[in-house]
Amino acid sequence: AGHYLVWKYSNELLDRKVLAVSIMPTENYLGVNVLEEVNNFVGTGHIEYYIHEIACYLGGRIAEKKYTNTYSSGAYSDLEKSTRIARNVVTRFGLSEKLYQNRVYIEDTKNPVFNEEMISQINKEVDSIMEKAYNHAEKCIDDHLEQLEMLVKALLEKGILSENDLEKLFSDKK
């Protein structure tokens, strides 16, 4: 539910659409959002896009924390993906505000540039991006608590909601 809300109210994640939201456990997940890429649409590729993408993953953790006052291991995968994206923003995409923007960092275990100071700087930048994304997701969920409650209730009743179910649920709320 949290993932969906952050996606729904993002003005950046226009390169995908949600086909379904489920709270039924699958493999290592307690529930899933089924996404599809929008044909012929390319994401912006700037840092705000990635902050919204990370926020989308963190939305599940934030919603779970609001409902259960704890995190489950299912939220671990969201955190792992978020951290990987944030690290790529800094090391692969050159989008960091505080580190070199005209280079990338390749294979940190073999790269002599990666001394302790550089690793510390990279980690600080990753932390900063994660914090911005967390704050964005938390604000989005806090701003839409009524919709979160409505979505959770519908998911508890049906277990899975299709794209049509979601559109109807949210259009009835307008």
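**A tour of cysteines, a helix and aromatic rings**

The count of disulfides comes to zero, a disulfide being a pair of cysteine sulfur atoms within 2.5 Å. This is a predicted model, in which local features need pLDDT of at least 70 and side-chain atom pairs count only at pLDDT 80 or more, while totals for chains, interfaces and linings use all residues. Residues are numbered from 1 along each chain as its sequence is written, and side-chain values use heavy atoms, with hydrogens and water left out.

**Cysteines**

Select cysteine 56 and cysteine 140. The closest cysteine sulfur to that of cysteine 56 is in cysteine 140, 9.0 Å away, which is too far for a bond. Cysteine 56 is buried, with a relative accessible area of 12%, and cysteine 140 is buried at 7%. Buried means under 20% relative accessible area, exposed over 50%, and partly exposed in between, with a 1.4 Å probe and protein chains only.

**Helix α4**

Next, select residues 116-143, which form helix α4. Helices are DSSP runs of H or I with at least four residues, strands are runs of E with at least two, and both are numbered from the N terminus. The helix has 28 residues and should span 40 Å at 1.5 Å a residue; its end C-alpha atoms are 40 Å apart, which agrees. The expected span is 1.5 Å times one less than the number of residues.

**Aromatic rings**

Four aromatic pairs are found in a search of the whole structure. Rings of Phe, Tyr and Trp (its six-membered ring) pair if their centres lie within 6.5 Å; planes under 30 degrees apart count as stacked, over 60 as edge-to-face and the rest as tilted.

Show tyrosine 49 and tyrosine 50. Their ring centres are 5.2 Å apart and their planes lie at 90°, so the pair is edge-to-face. Both tyrosine 49 and tyrosine 50 are buried.

Tyrosine 50 lies in helix α2 (residues 47-68) and phenylalanine 93 in the loop between α3 (74-91) and α4, so the pair ties together parts 43 residues apart in sequence. Tyrosine 50 has a relative accessible area of 15%, whereas phenylalanine 93, at 33%, counts as partly exposed.

Then select Tyr4, Trp7 and Phe170, which form one aromatic cluster.

**Last stop**

Finish at lysine 8, which lies over the face of tyrosine 9, 5.8 Å from the ring centre. A charge sits over a ring if NZ of Lys or CZ of Arg is within 6 Å of the ring centre and within 35 degrees of the ring normal.
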